[in-house]
Amino acid sequence: MAEIRKVFEYFENKYPDPKTTLYYTNAFTLLISAILSAQAMDRVVNTVVPGLFEIADSPEKMLTLGEQRLIEHIRKIGLYRTKAKNIALLSSILIEKFSSIVPDTIDELISLPGVGRKTANIVLNEFFGQPTIPVDTHVFRVAQRIGIARAKTPEQLEKELLNKIPNPWKKNSHFWIVLHGREVCTARNPNCSICKLKRVCASIRTQNNYKRNS
């Protein structure tokens, strides 16, 4: 627990005000941006959605736009046909089942087409202010590399982090881990020499033990 506190004290000082990079104007548009960002880069999504949301920022407007015209707007994004189909169906379900209001529980969100735990947790965290932890590839890799979690699946790792991270840091924890993964603890060539977490990093300790014993 002491090492986890050191990690998040450092993150809090390094990145005092982390924010999502996804463009959105309300809960519905955040949900759509999050769906579109699956297996796609946020910056690519952000080049597409402002124009889309000018004409379709609600479930009703999205249905009026129609699936084929939606495809024209999101064609730059990977898996655009599947995502368009899910968004059209999701919009219909939101109208019929949720009175056009984006739900604020994980179970209700993941019941919607195209919404997995990561997408649901993005919406719950960013829009509804809940201390959820969306687990993407950065969070999964960096949390294991540093040693603050050991679980072997994203859902298990999410639960492990929620159990281990003290409450004041839960809400921003995924932002901090992602930023550290992008700036320092990169996938292929981590910059261990400049990392301020060297003293508490499990990966560094493993490397040092290997050197001493070889």
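The structure is a predicted model, in which local features need pLDDT of at least 70, side-chain atom pairs count only at pLDDT 80 or more, and totals for chains, interfaces and linings use all residues. Residues are numbered from 1 along each chain as its sequence is written, and side-chain values use heavy atoms, with hydrogens and water left out.

A disulfide is defined here as a pair of cysteine sulfur atoms within 2.5 Å. Cys195 is in no disulfide, and its nearest cysteine sulfur, that of Cys201, is 6.3 Å away. For Cys201, the closest cysteine sulfur is that of Cys195, and the distance of 6.3 Å is too far for a bond. Residues are called buried under 20% relative accessible area, exposed over 50%, and partly exposed in between (1.4 Å probe, protein chains only). Cys195 is buried, at 13% relative accessible area. Cys201 is buried too, at 8%.

Arg199 sits in the loop between helix 11 (167-183) and helix 12 (202-213). Helices (H or I, at least four residues) and strands (E, at least two) are DSSP runs, numbered from the N terminus. Arg199 is exposed, with a relative accessible area of 82%.

Phe11 belongs to helix 1 (residues 2-14). Phe11 is buried, and its relative accessible area is 0%. Along the chain, Phe11 and Arg75 are 64 residues apart, and 36 Å separates their C-alpha atoms.

Salt bridges were examined next. Side chains of opposite charge can pair when their charged atoms come close. A salt bridge requires a side-chain nitrogen of Lys or Arg within 4 Å of a carboxyl oxygen of Asp or Glu. The count comes to six salt bridges. One of them joins Asp57 to Lys61, with the closest N and O atoms 3.2 Å apart. Asp57 is partly exposed, at 24% relative accessible area. Lys61 is also partly exposed, at 41%.

Helix 10 (residues 154-164) holds both Glu155 and Lys159, four residues apart, about one turn of the helix. Glu155 and Lys159 form a salt bridge, and their closest N and O atoms are 3.6 Å apart. Glu155 is partly exposed, at 36% relative accessible area. Lys159 is partly exposed as well, at 46%.

Another salt bridge links the side chains of Glu160 and Lys164, at 2.8 Å from N to O. Glu160 is buried, with 17% relative accessible area. Lys164, by contrast, is partly exposed, at 28%. Both residues lie in helix 10, four residues apart, about one turn of the helix. Elsewhere, salt bridges that share partners join Arg117, Glu155, Glu158 and Lys159 into one network.
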